[in-house]
Amino acid sequence: MSDAFVEVDKVDLAYDEVSGNAIEDVSLSMKEREFIAMVGPSGCGKSTFMKLCSGLRRPSKGQVIVEGREVSGPLKIVGMAFQNATLLPWRTTLGNVLLPLEIVQPYRASFKEKKAEYAERARALLRSVGLDGYENRFPWELSGGMQQRVSICRALVHEPKLLLLDEPFAALDAFTREELWCILRDLWMLKRFTVVLVTHDLREATFLADTVYVMSKRPGRILARRDIDIPRPRELEVTYSDKFVGIVLELREHIGRIRKA
Amino acid sequence: MAVRSSLERWSPWVVLAAIILVWEVVCRAFHVSDFIFPAPSGIVASLRQYAGPITGHALQTFWSTMAGFVLGVTVGVLLGFLVGSSRLMYNALYPLMVGFNSIPKSAFVPILVVWFGIGTVPAILTAFVICFFPITVNVATGLATIEPELEDVLRALGANRMDVLIKVGLPRSMPYFFASLKVAITLAFVGSVVSETIAANEGIGYLMMSAGSQMRMPLVFAGLTVISVMAMAMYAVFAFLERRMTGWATRGMDARA
């Protein structure tokens, strides 16, 4: 309990009384700076789990504790990115990245006077994902992979402690996806925030995460927990190693069993 | 490419010129009487002859329309904001508004005349009741269709409803709003002219009505032309504004043009 950053304790969540639990009896604990991945069949409540971590939803039963305190409302220390980049088309790349700073405290109060400083910070972030020179472009002028990079920058600009990613790379082609894996890996190595990555892609989960959790069909329960003991830094070549392939196959077997059941 | 795009640009004028030409030729060839269906030349002559009075009536109609339109935009935006930002309000008000909107607006004119007498006020109010609805629906749609993920992103940062509305909802509904203005301004002209036709001593509607009763058809058609030109000009103004303000929403069209 002591060194846990996020502690999820026997949590159920039902959106309403009719549809039953979306997730059930979920318990896990995350250390600070841990990178966890959630995999499972569609509709298994992975996104629900994210809403719990961010404080957007409260559990029907059990409790979620972040930084030693029970979560009772939006956390503000989280950043989120989704499958769709959901950028605002009337804002430039830079404007989109700055959006969270206009909302979240303490940045909000000082946004006007420190705008230049914040813009510089956003530019640095964009540079670190290889988007320098695109600050004043509009989202529709960018490729899907670039938009997703902007979306990740937006999720990180207020230096959140917890980054929640809901299938962020699912809509990208295979090469762009692998490129973004590396970008995310480098950002994480650099800034060491805690990550919850929800994904369908077992290779993605294995490549990026410290720990992979496998969830069951609805109502979602955690069926398996797998530590990924592949040393870091990991390069893309590692995804072709026997060990890596072994882990992916093992995870795949879990999923296969769930789908048959 | 250049030829093609300039052709596209001029095509409406070419069609207009062709219609006028055919119209003129047909009227002359078959000796159609001015009392039945005046030729364009007759309409132009009438426009020239009565330029003074027509201008007076046109200005009357124009200002009534604009007053009703401004009223309609104000009420339309406020209602749209209310209906679009709250599910409860949407459920409570929307069916009523649909019911109200399905009443033919000319049916209001006699009521308005009883309340306000004949003249400018019924024209303004008819323009208003006919034009606020599309604005309300469009603004409400823009606000109600915010992507839930985007809302989650902001809410997770501690944004309240107002933040989401101001940062996302309002800019997002702007293209819908400007599109509705183009519809609303032409509807507002319909409203004021209908009202003037039924109950007024001034305005293009009144002019056409009285000219019609005296069988001065070229003057009636001159009135029609003036309304049409005014409505098209205002439409163009709002189309221009739309492009200036919300170019990001129509970038596909701009790229092709």
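Q: In chain B, what share of the contacts between residues at least 6 apart in sequence join residues at least 24 apart?

A: Two residues are in contact if their C-beta atoms, placed from the backbone, lie within 7 Å. In chain B, 76% of the contacts between residues at least 6 apart join residues at least 24 apart. Bear in mind that this is a predicted model, where local features need pLDDT of at least 70, side-chain atom pairs count only at pLDDT 80 or more, and totals for chains, interfaces and linings use all residues. Residues are numbered from 1 along each chain as its sequence is written, with chains lettered from A and ligands numbered from 1 in the order in which they are written.

Q: How many helices and strands does chain B have?

A: Helices (H or I, at least four residues) and strands (E, at least two) are DSSP runs, numbered from the N terminus. Chain B has 11 helices and zero strands. Its C-alpha atoms fill a box of roughly 75 × 60 × 25 Å along the principal axes.

Q: And how much of chain B counts as buried?

A: A residue is buried if 20 or more other C-beta atoms, placed from the backbone, lie within 10 Å of its own. That covers 37% of the 257 residues of chain B.

Q: How do I read the angle between helix 6 and helix 8 of chain B?

A: Axes are lines fitted to C-alpha atoms over the stretch in contact, and angles run from 0 to 180 degrees between N-to-C directions. Over 145 degrees counts as roughly antiparallel; under 35 is roughly parallel, 65 to 115 roughly perpendicular, and the rest oblique. Helix 6 (residues 120-144) and helix 8 (residues 161-198) of chain B come within 6 Å and cross at roughly 155°, so these two helices of chain B are roughly antiparallel. Their contact has 20 nonpolar, 10 polar and two charged residues (nonpolar: Ala, Val, Leu, Ile, Met, Phe, Trp, Tyr, Cys and Pro; charged: Asp, Glu, Lys and Arg; polar: the others, Gly among them).

Q: What about helix 7 against helix 8 of chain B?

A: Helix 7 (residues 148-156) of chain B packs on helix 8 of chain B at about 130°, with axes 10 Å apart. That makes helix 7 of chain B oblique to helix 8 of chain B. By class, that's four nonpolar, no polar and three charged.

Q: Last one: how many residues do chain A and chain B bring to their contact?

A: Here 22 residues of chain A touch 17 of chain B. On the chain A side, strand 6 (residues 78-82) gives the largest share, three residues.

Technical notes: A residue is buried if 20 or more other C-beta atoms lie within 10 Å of its own, exposed if 12 or fewer, and partly exposed in between; C-beta atoms are placed from the backbone.
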